[in-house]
Amino acid sequence: MKFAILVFPGSGCDVDMHRAVHGVLGEEATLIWHTDAKRLVDYDAVFVPGGASYGDYLRPGALAKGSDAMRYLREFAQSGKPVVGVGNGFQILAEANLVPGALLQNKGLKFQTGTSKLIVENATSQFTSEYTKGEEITLPFAHQYGNYYVDEETLQEMEVNHQIIFTYQDEQDHGSVAKIAGVINKEGNVLGMMPLPERAVEEILGHVDGYRLFKSILKKVE
Amino acid sequence: MTKVNVYVTLRESVVDPQGTAAQKALQNMGYEEVKSVRIGKLVELELDGTTTDIETRVDEMCKELLVNRVIEDYRFEIEEA
């Protein structure tokens, strides 16, 4: 399976993502610079990694939305193939309306990093089929804009459509509505999440619960 | 040249911890009358004089980039410079 990792100026977790997909999972992974985004069509899945694209200017993810790469990413998502945005990648997908909601500054107004206990709310998505519903998992996080917001009406719609994938189990929810940590689009092929699965894929990293997210995508595509 | 000021504010339903912190600071400084502070931003645009349909164009700019309407509201003022 061929994974593309879409890199913007200011992306920071692209190499971690490459390591997870290629080094640990053993699949083909290519870093694609945003000006080469027309090549995305040749791949089976796209990751939009974390970091601070375009310096987080205006709003995190906002300027990436205005780049030419977004047209190709949008076409890729519309083709039904899997897209995953992690951290800043989630902010980019939310800004581009590829997943619902928006990410505000953390309630405490500070950058926060650590590990979170999460609940897998939906284990039937193509990103979580290797987990069980209600399972508690541990993933690292590192963000200043991790406070998920969505209005009440959209939230209800998301609940009906089972679009909430991960919630924070502990108090470290950064102010997020309904303690939401990860969501999918209505079609189910685009995932955005603030916790960082690529930093939890092998024992030496301290946590391994992110590994099965990659496995789930692999299982779906093959 | 035309100048446009775009005022971007957080939607009413969105909590503004920065505003709340500033409100507390003002009250600490003796301004007890301050019941609420909401912090937004001002975007100043300069458009070249040939632009027509300024209102429509700026509204599109707001919707497509300058404002995230999930969390923000906006209004703008156009002034001839």
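In which loop of chain A is the place of L109(A)? In this predicted model, L109(A) lies in the loop between β5 and β6 (112–120) of chain A, and its phi is positive, about 65°, although the residue is not a glycine. L109(A) is partly exposed, since 14 other C-beta atoms lie within 10 Å. A178(A), likewise a residue other than glycine, has a positive phi near 55° and is found in the loop between β9 (164–168) and β10 (180–184) of chain A; with 16 other C-beta atoms within 10 Å, A178(A) is partly exposed.

Helix α4 of chain A, which spans residues 88–95, is mostly covered, eight of its eight residues being buried. The buried residues of this helix, among them F90(A), I92(A) and L93(A), pack against the strands β3 (45–48), β4 (83–86), β5 (102–104) and β11 (190–193) and against helix α2 (62–65) of chain A. After α4(A) comes N97(A), whose phi is positive, near 60°.

When residues up to four places away in sequence are not counted, L93(A) touches V48(A), G85(A), L98(A), V99(A), V190(A) and G192(A).

The contact between the chains takes 12 residues from chain A and nine residues from chain B. On the side of chain A that touches chain B, five residues are nonpolar, three polar and four charged.

Terms used:
Residues numbered from 1 in each chain as written. Chains lettered and ligands numbered in written order. Predicted model: local features only at pLDDT ≥ 70, side-chain atom pairs only at ≥ 80, totals over all residues. Buried ≥ 20, exposed ≤ 12 C-beta atoms within 10 Å, placed from the backbone. Helix = DSSP H or I, 4+ residues; strand = E, 2+ residues; numbered from the N terminus. Contact = placed C-beta atoms within 7 Å. Nonpolar A, V, L, I, M, F, W, Y, C, P; charged D, E, K, R; others polar.
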